[in-house]
Amino acid sequence: MKIVLHHAHEARSMRVLWMLEELGVPYDVVLHNFFDKSLRSPDYLAINPAARVPALEIDGQVICESGASIEYLCELFPEKGLGRPAGDPERMAWLDMLHYAESIGQHVANLTQAHIVLYKPDMRSPTQMNLEARRLLKVLGRLENRLSDGREFVMQSGFSGADCAVGYGVDVARRFVAFDALPRVAAYRDRLVARPAFKAALPPEGVQCIYTQDFYEAPDV
Ligand SMILES: N[C@@H](CCC(=O)N[C@@H](CS)C(=O)NCC(=O)O)C(=O)O
């Protein structure tokens, strides 16, 4: 089987890269630059017409959504135990968490755009930046609540592909919102970033990254 991941450092494709590392299966990476026009090149648009990463090529077929890619990889390698297949008592909750990751992701993406992509202050809206941060905190409150029974990962039964999806969002979210009121989320992140597969999905030292600050403060309104 030939697996090729189109990836940009620190983008949502990191979910899939992390997942591939957790699976421990062979794959290749095609690295794209998030900031130049390479995602809009004709060659890449032929792979993903939405001009986004990830795109995951598996034996010539392409899957472009990070959540769907994680789910499909779980199905391809069921022996790794990272999915919760149909019939599993945790199936409903697992799918819910896998897709909940994009509730985090949408605010993280909006905040990334507001603080980083819109690089001149007069392009930005302080009202929108504050609103997005508050909405992100609200969404993370669901995870804080879910972890209140002492579970270590989003599934009671242990680590799964859903943690690659949710955990990526949590790791970026801490750059935009303080986790003071989210101690369980903070501890969850600590557990995830200590995993060798997470570390393997991080950018190498010295390369251009999306995030250059530990924390991006919303301006006063
Ligand atoms: N829902 C998609 C979102 C993919 C997406 O928006 N990726 C961003 C990076 S995090 C991207 O490629 N952005 C490029 C751009 O907006 O030009 C997924 O989860 O895979």
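Here are two exercises with worked solutions on a predicted model.

**Exercise 1: the ligand site**

Find where the ligand sits, which residues come nearest, and which polar side-chain atoms lie by the ligand's oxygen and nitrogen atoms.

Solution. 

Step 1. Locate the ligand. The ligand sits in the largest pocket.

Step 2. List the neighbours. There are 14 residues around the ligand. Those that come nearest are Arg52, Val53, Glu65, Ser66 and Glu102.

Step 3. Sort the shell by type. The shell holds 7 nonpolar residues, 1 polar residue and 6 charged residues.

Step 4. Check the polar atoms. The cut-off for a polar contact is a pair of N or O atoms within 3.5 Å. Arg52 places a polar side-chain atom 2.9 Å from a ligand oxygen. For Arg12, a polar side-chain atom is 3.2 Å from an oxygen atom of the ligand. In Glu102, a side-chain N or O atom lies 3.1 Å from a nitrogen atom of the ligand.

Step 5. Look at the cover. On its own, the ligand has 520 Å² of accessible area, and the protein covers 83% of that.

**Exercise 2: the cysteines**

Solution. 

Step 1. Recall the bond. A disulfide is a covalent bond between the sulfur atoms of two cysteines.

Step 2. Apply the cut-off. The two sulfur atoms must be within 2.5 Å.

Step 3. Count. The structure holds 0 disulfides. Cys164 is in none.

Methods
Residues numbered from 1 in each chain as written. Predicted model: local features only at pLDDT ≥ 70, side-chain atom pairs only at ≥ 80, totals over all residues. Heavy atoms only, no water. Near = heavy atom within 4 Å. Polar contact = N/O pair within 3.5 Å; in protein donor to acceptor, adjacent residues only side chain to side chain. Areas by Shrake-Rupley, 256 points an atom, 1.4 Å probe, with all protein chains shown as cover. 1 Å grid on protein atoms, 1.4 Å probe; cavity = no way out; pocket = protein on both sides within 12 Å on 5 of 7 lines; lining within 4 Å. Sits in = over half its atoms within 2 Å of the grid points. Nonpolar A, V, L, I, M, F, W, Y, C, P; charged D, E, K, R; others polar.
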